Amino acid sequence: MKTKFISCLLPALCLHFSSFVGHAQTGIANPFMTACDASVQSFLNTYNIPGATFALSKEGKIIYLRAFGHANTEGTEATQPYHRFRIASLSKPVTGIAVMKLVEQGAIQLGDKVFGTGGLLENDPDFAALTITDSRIYDITVQQLLEHTAGWNRDQNCFPNPTAPYTVQHGGCDPIVAPLHVSAVMGTSNPVSEASLVGFLLEKGLDTAPGTTYNYSNMGYLILGKIIESRTGVRYEDYVRDSIMALVGACDMSIATNYKMQKQEREGEYIGNGGGTLNSNGDGTIVPWEYGGLHVAAMGAHGGWIATASDLVRLITAVDNFNTKPDILSSSTINTMVTPSAANANYAKGWTVNNFNNWWHTGAIDGTASILARTSNGYTWAVILNKRVVDGSSNAFWTALDALPWNCISSATGTPDYDLMLQPATNASALEATVTSSSAVTLHWTNGNGNRRLVVAAKNKAVDAFPLDGTDYTADATFGSGDDLGNGNFVLYDGDANTADITGLDSAASYQFRLFEYNRNTQTGGYALYKLCNCAMREVSMGSSGITSVTPESEQYVIHPNPASAVLTIEQPEGGQAAYAITYNLEGKELMQQSLSAGQQEWHIDVRHLPQGLYILTLKNKDGLVLHRHKWMKQ
């Protein structure tokens with residue numbers, strides 16, 4: 001496969017960052033691949049990359065799952081295989097799979113026109129008021145968007161000169177690098193919306209006739225995201241999560257946010273390449289490209305996902321056209337997906353391909369470099385880095401990154417007889433608590449499909465440390481006596497039952513309990529493999545005997561935009577109940593409360609009177625049960 005094709009979201013920017021050394025590895029060690037550990041460490045040291053995650057499967061089984069270096073900008077947090085990072089353009093194969101699923105179901109066809117009379121987005125309100133002067137736009141098809149042949153050339157300059165208010169550090173015509181310019185031209189508020197980014201190019205017109213020329217296009221994949229929403233009636237992220245990821249047990253993928261303060265659970269941090277630019281939220285401040293300069297939250301279907309390396313491999317092994325694990329697409333649909341376009345023999349529908357039947361993709365934005373591959377001899381891998389190289393060694397960097405998994409495979413001395421993909425498909429649920437005394441509670445729950453489960457608790461805070469694959473823990477039902485996962489997160493129970501009696505609690509304190517399902521059997525090599533996402537949580541306030549549930553943010557309610565300036569929108573699941581929203585500052589002071597009627601898909605909260613800053617929104621039902629908590633920023 002080895003290739004220098006790089007599907008970056010951005011052209012190279014500038015400057016080096018500081019040097020990072022000493023990339024200790026974490027995760028379950030593969031005794032046959034110690035040379036791979038050394039190769040990865042050498043690569044990271046050579047190119048000053050602070051952190052990496054790496055998952056490799058053979059014949060449908062993950063045999064190597066390791067992490068290296070540091071996951072945070074301060075260099076104090078070791079990267080773990082459970083860390084999630086932005087994956088940039090690896091989002092395109094994800095979107096390609098989702099589109100092909102709809103094609104297979106007959107919801108759309110590859111030859112369907114997208115815009116204009118009879119087009120898939122004919123009635124989309126986001127585009128109804130646009131002034132489209134290039135009639136060739138009405139010839140664009142779904143297939144051309146997938147194959148980057150719709151007619152836009154992002155290398156053609158269309159941005160203002162360097163002295164303009166909305167300056168960018170490079171030329172070209174990719175709207176993602178000039179969010180402020182796009183919002184100014186389109187007359188919309190900041191941060192710019194995905195619809196405005198697409199609309200900017202629609203009003204500009206095409207550079208070539210559709211179907212004639214290959215030109216890599218981020219906006220084409222944003223349009224595919226809009227098509228998915230139009231045909232399914234749900235948000236792009238929700239459709240991919242519920243109709244694609246859920247089929248393969250992948251729940252560690254979600255759309256990214258813009259700022260470090262907004263990072264999601266177990267998300268790592270990103271190290272840019274120096275320099276700054278105007279904040280994409282329009283407040284006039286100078287920020288790093290990786291944290292606010294780019295509006296990553298609006299990259300969605302073309303470059304917006306965060307993921308673990310293992311969930312990426314889990315997804316790709318479900319569309320690899322091998323019989324080692326069940327595929328979620330038919331063989332004929334997969335063959336269509338990886339058939340190259342007439343305009344470029346090396347790009348198919350969301351995949352770079354070659355005549356050896358290898359498929360892959362790369363991704364890059366400031367603070368991220370990534371590569372994903374499926375090979376004809378049964379290997380799949382994903383490597384995600386939290387820094388990229390943009391100086392004179394950039395070509396050597398990408399060549400070395402491409403070669404790294406191949407070298408790891410060739411240097412392996414054998415293959416372990418286990419599959420590190422075998423975390424439970426479903427976590428335990430319905431965690432309930434009964435206060436039995438001023439210092440004790442009884443927990444009970446519905447088991448998931450794992451062999452065993454672990455209960456972890458933290459006092460007066462959320463559980464913020466996680467069990468590590470391959471590690472066994474000593475549990476003790478007396479709080480504080482079992483193993484500490486770190487930062488006061490204690491293991492209280494480890495077993496195969498569905499109840500636990502917890503003692504030693506402070507009568508004046510509150511506790512969060514969190515339940516992790518795991519597998520440990522011969523197929524996992526005797527290693528404990530923990531399911532960390534979508535786990536059940538319960539909070540207990542001993543002083544008032546108040547008991548609340550906490551739903552993982554990815555599951556039920558969607559809060560947007562974030563940051564918000566005037567109105568905060570809450571989307572609730574179908575058939576949602578009446579609730580009320582309480583807004584707190586970070587010190588826990590209640591600032592406002594609003595009733596929310598039952599039966600509504602959306603609620604809107606006026607936040608114009610709040611000063612700029614961070615807030616916590618808590619949703620409770622009529623009985624005071626916590627339905628959801630969400631951190632958001634007022635801009």
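What covers the buried residues of helix 4? Select helix 4, residues 179-186, and let's find out. The cover includes helix 5 (194-204), strand 6 (277-278) and helix 8 (289-293).

Before going on, a word about the model. It is predicted, so local features need pLDDT of at least 70 and side-chain atom pairs count only at pLDDT 80 or more, while totals for chains, interfaces and linings use all residues. Residues are numbered from 1 along each chain as its sequence is written, and side-chain values use heavy atoms, with hydrogens and water left out.

**Stop 1: helix 4**

Helices (H or I, at least four residues) and strands (E, at least two) are DSSP runs, numbered from the N terminus. Color P179, L180, H181, V182, S183 and M186: these are the buried residues of helix 4. Buried here means under 20% relative accessible area, exposed means over 50%, and partly exposed is in between (1.4 Å probe, protein chains only). Six of the eight residues are buried, so helix 4 is largely enclosed by the rest of the structure. Step just past the helix to G187, which has a positive phi of about 70 degrees.

**Stop 2**

Now select residues 359-365, strand 10. Seven of the seven residues are buried, so this strand too is largely enclosed by the rest of the structure. Show the side chains: W359, H361, G363 and I365 point one way, and W360, T362 and A364 the other.

Two strands pair if DSSP finds at least two bridges between them. Strand 9 (residues 352-353) pairs with strand 10 in the antiparallel sense over two bridges, with T352 opposite W360. Five residues separate the two strands in their hairpin, and N357 in the turn has a positive phi of about 65 degrees.

Look for T362 opposite I371. This hairpin has two residues between its strands, and G367 takes a positive phi near 90 degrees.

**Stop 3: helix 2 against helix 6**

Select residues 91-105 (helix 2) and 218-232 (helix 6); their axes come within 10 Å and cross at roughly 35 degrees. Axes are lines fitted to C-alpha atoms, for helices over the stretch in contact, and angles run from 0 to 180 degrees between N-to-C directions. For the contact itself (heavy atoms within 4.5 Å), show K92, T95, G96, A98, V99 and L102 in helix 2, which meet N218, Y221, L224, I228 and T232 in helix 6.

**Stop 4: the cysteines**

The structure holds three disulfides, a disulfide being a pair of cysteine sulfur atoms within 2.5 Å.

- C36 to C408: the S to S distance is 2.1 Å. C36 is in helix 1 (residues 34-46) and C408 in helix 12 (residues 394-411), so the bond ties together parts 372 residues apart in sequence. Both cysteines are buried.
- C158 to C173: the sulfur atoms are 1.9 Å apart. C158 is partly exposed, at 23% relative accessible area, whereas C173 is buried at 3%.
- C251 to C533: the sulfur atoms are 1.9 Å apart. The torsion about the S-S bond is about 65 degrees, so the disulfide is right-handed. Both cysteines are buried.

Counting bonded cysteines along the chain, the pattern is 1-5, 2-3, 4-6. Finish at C535, which is in no disulfide; the nearest cysteine sulfur, that of C533, is 8.0 Å away. C535 is buried, at 2% relative accessibility.
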